[in-house]
Amino acid sequence: MYRLLKTDGRAKRGELQTVHGTIQTPVFMNVGTVAAIKGAVSTMDLKEIGTQVELSNTYHLHVRTGDKLIKEMGGLHKFMNWDRPILTDSGGFQVFSLAGLRKIKEEGVTFQSHIDGRKIFMGPEESIQSNLGSTIAMAFDECAPAKAERDYVEKSVARTTRWLARCKKEMQRLNSLPDTVNPNQLLFGINQGAVYADIRIDHAKRISELDLPGYAVGGLAVGETHEEMYHILDETVPYLPQNKPTYLMGVGTPANILEAVDRGIDFFDCVYPSRNGR
């Protein structure tokens, strides 16, 4: 449950109560792609620096370790010895980053594993992170290139909307099963639309109708300028529910974070801190 504590213009101060603890926002999530921060940073270290939420990636955990094995071990929290909230990305970004190794259809996406070359199919139903038992699961989407042609983006966003409805239905089913790791898992939807403000706004309206626990703005910081990113946030965020947490995916630098907080963003993640540290 999200509680809006204070606003200053569009900026928000809130808290999200979850089964794994309360998250105070705005918040930056440390990225442990495969359930660990690269550079020998332990979960004890994360607690010492005040990390509220850790982020891991479904695709990478699927190809290495395997989500079924993680479920057998009691879920991602037990696997990585972490008792605070975890957000898991759906693998949708890999639809963008592994463009040369995938094929997109209505059913989902067929990947060629970057580890061993084997074929992997992931659709909205397969992407639900029930085996991991994360606190927050991101819906499956396509992250279209920022400068993609308008016709392509329109078709991609329409498909992402259909995928989101499938994600919501499947999560409700999985959360009701007796052997589910975390029956209180939350689903966040993702707004897409590249740098086309009208597509973004229409998509924000459509996904808001699904009344999800939270929403993300995806497909930014993937090739557009900072000014274009800020413009899209200015245009889009007002059409996402203010009484729900809003997450800007993959951002970013301290300057980006401050600018986005001013535009109503609650959640952030980026590999910059650990990558620069290494």
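Reader: Gln 112: buried, partly exposed or exposed?
Author: Gln 112 is partly exposed, with a relative accessible area of 38%. Buried means under 20% relative accessible area, exposed over 50% and partly exposed in between, with a 1.4 Å probe and protein chains only. Keep in mind that this is a predicted model, where local features need pLDDT of at least 70, side-chain atom pairs count only at pLDDT 80 or more, and totals for chains, interfaces and linings use all residues. Residues are numbered from 1 along each chain as its sequence is written, and side-chain values use heavy atoms, with hydrogens and water left out.

Reader: Which strand is Gln 112 in?
Author: Strand β8, residues 109-112. Strands here are DSSP runs of E, at least two residues, and helices are runs of H or I, at least four, numbered from the N terminus.

Reader: Switching to β14, which way do its residues point?
Author: Phe 267 and Asp 269 point one way from β14 (residues 267-270), Phe 268 and Cys 270 point the other way, and all are buried.

Reader: And how many bridges does β14 make with β4?
Author: β4 (residues 27-31) pairs with β14 in the parallel sense over 4 bridges; pairing takes at least two DSSP bridges between two strands. Met 29 has Asp 269 as its bridge partner in β14.

Reader: What about β13 and β14, how many bridges there?
Author: There are 2 bridges between β13 (residues 246-248) and β14, and the strands run parallel. Leu 248 has Phe 268 as its bridge partner in β14.
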